[in-house]
Amino acid sequence: MSPRISWEGVFPAVTTQFNDDLSLNIDATAKVMDGLIRDGVSGLIVCGSVGENTSLERKEKIAIMETAKSVAAGRVPVLCGIAEFTTAFAVETAKEAARVGIDGVMVMPALVYSSKPHETAAHFRSVASATDLPVMLYNNPPIYKNDVTPDILATLADVETVVCFKDSSGDTRRFIDTRNMVGDRFVLFAGLDDVIVESVAMGAVGWVSGMSNAFPREGETLFRLAKAGRYAEAMPLYEWFMPLLHLDARPDLVQCIKLCEHIMGRGTALTRPPRLALLPHEKAEVEAMMARALKSRPMLPNVGLKAA
């Protein structure tokens, strides 16, 4: 693991909370953050995909970063997602994150433009070279259409601030391919909920999780069981969790995760357009899924989580 960071465990991609008029509700967002920390998660990612980054104004992103730093108060590391249309905009956001004083940034490829591999690498290199903050590179080809392959990642091994790689491709072989190319140069994080146990088995030391917003203790427990090789205990929990974890792979993952979070009394289901509320039959399906999950919610093995 890089000497510059100690990122490991579950880092929920925190939801951004809105008022009924869809204005930013910073107090409710702070409450969500604090609840996650109190329930034992290992870190926070704000302004990520689940945090509706691209629906936020710059001043709102800054307010969320400032709030996260204040709420965390050093209890867990806080990273901020950077999802911008141009490299220059991404650099500006990284500078704001450094000014606020959070612990790192999670950088996505430039949005909208489907870049060539060398352009993807150049975007990451430019943003990472413009900041002293530790950088997590984020690969999510199903959503953002740019695939950050191990080959691309290897070309960035000389960029000192790039310390971590989060993969949401679902192809867990990439963790091994990356290590075969550059050894332990990068801290490896899983980014897709429904392959978390497989990702840990392949070397991921952290998990940027969507559904852990609704079930933070279950998420952190599952991760720790997998990390400790306690698979006999992990598998019943994984099997219980899997129908909900599949929601993280849907195009409407944000709506699904926020609805589950709302059912658990942890936030609201409101999302900003272009994300619209789930259609009635979709909402009913997720609600039924949650009802089944809550009816059969398992007792959690002891993994050293603090009391809720």
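I looked up the largest pocket, which holds about 460 Å³ of space. A pocket here is an open set of points on a 1 Å grid over the protein atoms alone, with protein on both sides within 12 Å along at least five of seven lines. Its volume is the space filled by probe spheres set on the points, which are joined across faces, edges and corners. The model is predicted: local features need pLDDT of at least 70, side-chain atom pairs count only at pLDDT 80 or more, and totals for chains, interfaces and linings use all residues. Residues are numbered from 1 along each chain as its sequence is written, and side-chain values use heavy atoms, with hydrogens and water left out.

I checked the lining next (residues with an atom within 4 Å of a point). The largest pocket has 28 lining residues, and Ser49, Asn140, Ile143, Tyr144 and Leu253 are the closest to its centre. Helix 5 (141-144) gives the most, three residues. Helices are DSSP runs of H or I, at least four residues, numbered from the N terminus. By class I noted 14 nonpolar, nine polar and five charged residues.

I then turned to the second largest pocket, at about 150 Å³. Its lining includes Gln255, Leu259, Arg275 and Lys283.

Last, I searched for cavities (sets of points where a 1.4 Å probe fits but cannot get out). The whole structure gave one of 30 Å³ or more. Among the residues lining the largest cavity are Asp167, Asp171, Phe175 and Val195. Three nonpolar, five polar and two charged residues make up that lining.

Note on methods:
Helix = DSSP H or I, 4+ residues; strand = E, 2+ residues; numbered from the N terminus. Nonpolar A, V, L, I, M, F, W, Y, C, P; charged D, E, K, R; others polar.
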